[in-house]
Amino acid sequence: MNIGIKGIRRVSATATVALTAGAVIAGGAFASQAQAAAPKPPTIVAKGGFVMNNGTGKTLFTKAADTRRSTGSTTKIMTARVVLAQKGLNLNSKVTVQKAYSDYIVSKGASSARLIVGDKVTVGQLLYGLMLPSGCDAAYALADKFGSGSTRAARVKSFIGKMNSTAKSLGLKNTHFDSFDGIGNGSNYSTPRDLTKLASSAMKYSTFRTVVKTKSTKQKVTTKSGGYRNMSWTNTNKLLGTYSGAIGVKTGSGPAAKYCLVFAATRKGKTVIGTVLTATSESTRTADAKKLMDYGFKK
């Protein structure tokens, strides 16, 4: 009887060891599978990149994310953000298009919303003209409208000051603006991380979200003679309609900036938002953004 009991104990001990070893092997296999399933960070052409989960603020990807670079027209995200933060903002308030705005476009060879001198355009319409065709004339009109001062130059300077104070309030330590549209004078810069945080802040405004996800629009404006004309604007952001869930945000380009893109998309309740700066072409900035969003959704 005693021998049998000892035998049973030995068998039990052996079985326990075998089970434990099996569990370790199985656990190792599962761990290996989990590691194999983890998405590999993509390689992007752009010199700088950043992606985060817009809901949690969690960083998902970085590449030189805090290196200051020229931002091109992605600057206009801040232009819109400053306008939308104005107390008592009336989107239906009308602005008369000045000759100075069209002269500026011509002198700079800048992107334009094709605003016509003498037309009366609402603030809401100017936001579409700002963000879709990337109108520097619309940016000028908004800066002139919402800056403070007795002269246009003073109002523009005041508006740019508001852009910088807003950047400071948002904790954007590597961001500075010296223009209302991105055509800077050497000290207009930001980083992929800062621009993403700025865009995330702007996306809290329903008007901003509506504008930046719009592929094209026709806006009825009042002419100098009191009649009407339709302004047609198409969004420069090629992600809209080509990437599932894309909801914005803004393109940018320039001699120093090369090609930039601040992007966002929502799938199954998850929103990823990010930035690529200093890409080599329109096509590479779009491809980079798609790679980063794909990666963000897998994380």
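A salt bridge is a side-chain nitrogen of Lys or Arg within 4 Å of a carboxyl oxygen of Asp or Glu. Arginine 152 and aspartate 144 make such a pair, with their closest N and O atoms 3.0 Å apart. Welcome to this structure, which is a predicted model. Searching the whole of it turns up five salt bridges, and this briefing walks you through some of them.

**A linked group**

- Asp144 and Arg152 belong to a network of salt bridges that also takes in Arg155.
- Aspartate 144 has a relative accessible area of 9%, so it is buried.
- Arginine 152 is partly exposed, as its relative accessible area is 27%.

**A link across the sequence**

- Aspartate 66 and arginine 193 join their side chains in a salt bridge, with 2.7 Å from N to O.
- Aspartate 66 sits in the loop between strand S2 (59-63) and strand S3 (69-70), while arginine 193 belongs to helix H7 (residues 192-202), so this pair ties together parts that are 127 residues apart in sequence.
- Aspartate 66 counts as partly exposed because its relative accessibility is 38%.

**A pair within one helix**

- Lysine 99 and aspartate 103 form a salt bridge in which the closest N and O atoms are 2.9 Å apart.
- Both residues lie in helix H3 (residues 99-108), and because they are four residues apart there, about one helical turn separates them.
- Lysine 99 is exposed, with a relative accessible area of 53%.
- Aspartate 103 is partly exposed, its relative accessible area being 36%.

Technical notes:
Residues are numbered from 1 along each chain as its sequence is written. This is a predicted model: local features need pLDDT of at least 70, side-chain atom pairs count only at pLDDT 80 or more; totals for chains, interfaces and linings use all residues. Side-chain values use heavy atoms; hydrogens and water are left out. Helices (H or I, at least four residues) and strands (E, at least two) are DSSP runs, numbered from the N terminus. Buried means under 20% relative accessible area, exposed over 50%, partly exposed in between (1.4 Å probe, protein chains only).
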